[in-house]
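Please consult the sequence and the structure shown below.

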Amino acid sequence: MRLIAPSLAALCLSAALATPAVSQEAPRFAFFSINQLVRTSKKAGAIFSELEITKKNLEEKLQAKGQELQTLQQQLNSPSLDPEKKEPLAKKYRDVEFEAKKMQEDSQAEYQRVERKVGEAITKIAAPIVEQLAKEQKLQLVLSDQAIGILSWGDAEWMKAFTAEISKRLDATEGAPAAAAPKPAAAKPAAPKPAAAPKK
């Protein structure tokens, strides 16, 4: 999941500057996972639900437009189609096909817009807690799963511990998350899949 903006990853890495390096000490660092935070924090999850709902709604519209195209295609291929109706039907198919392509582009743009908005909202509430906990634990570096491309091995429990504490502190803070009231429960976080044909 490519959720969070580089801003949080940058803040995680900036923890290296918050605590002066001690030459004789072993490095002290932790691992922060946005994916884990979204799954375990009610506040982060509530904000993230806007992206899930957006994805679900966009996919439903794309699938409906794809179904419309498929129906038109079947009508065009029907041996019983009146020859006089074939050209008008073919024109309608081309129009719907154009609408589908435009809808796919618009859907992708809308998904990315909401993804950025959600990422910024989660960063805003989580970043101060990441920094505070890093200072409390006298860390020199906080690694983020948004900034690491390759990880050969890691102790799973150790990697979860820091984020688990962030999640706990985040949900203990006052104030409701700045997210739209969740509507239906949604699908997995991922960009909308291209349906047989997208819509406007």
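Which backbone nitrogen lies 3.2 Å from a polar atom of the side chain of Asp 145?

## Basis of the model

This is a predicted model, in which local features need pLDDT of at least 70 and side-chain atom pairs count only at pLDDT 80 or more, while totals for chains, interfaces and linings use all residues. Residues are numbered from 1 along each chain as its sequence is written, and side-chain values use heavy atoms, with hydrogens and water left out.

## The loop residue Asp 145

The backbone nitrogen is that of Ile 34; a polar contact is a pair of N or O atoms within 3.5 Å, where within protein one must be able to donate a hydrogen and the other to accept it, and residues adjacent in sequence count only if both atoms are side-chain atoms. Asp 145 sits in the loop between strand S2 (141-144) and H5. Helices (H or I, at least four residues) and strands (E, at least two) are DSSP runs, numbered from the N terminus.

Apart from neighbours within four places in sequence, Asp 145 is in contact (heavy atoms within 4.5 Å) with Phe 31, Phe 32, Ser 33, Ile 34 and Asn 35. Asp 145 and Gln 36 are 109 residues apart in sequence, yet their C-alpha atoms are 9.6 Å apart in space.

## Helix H3

Helix H3 (residues 42-77) has 36 residues and reaches 51 Å from its first C-alpha to its last, close to the expected 52 Å. The expected span is 1.5 Å times one less than the number of residues. At the N-terminal end, Ser 41 caps H3 through a side-chain oxygen 3.3 Å from the backbone nitrogen of Lys 43. A kink of about 30° is centred on Phe 48, the bend being the angle between axes fitted to the seven residues ending at a residue and the seven starting there.

## Helix H4

The 54 residues of helix H4 (residues 83-136) should span 80 Å, and the end C-alpha atoms are 78 Å apart, which agrees. Asp 82 caps the N-terminal end of H4, with a side-chain oxygen 3.0 Å from the backbone nitrogen of Glu 84. A kink of about 35° lies at Ala 126, shortly before Pro 128. Just after H4, Lys 138 takes a positive phi of about 55°.

## Contact of H4 with H5

Residues of H4, including Ile 125, Ile 129 and Leu 133, meet residues of helix H5, among them Phe 162, Ile 166 and Leu 170.
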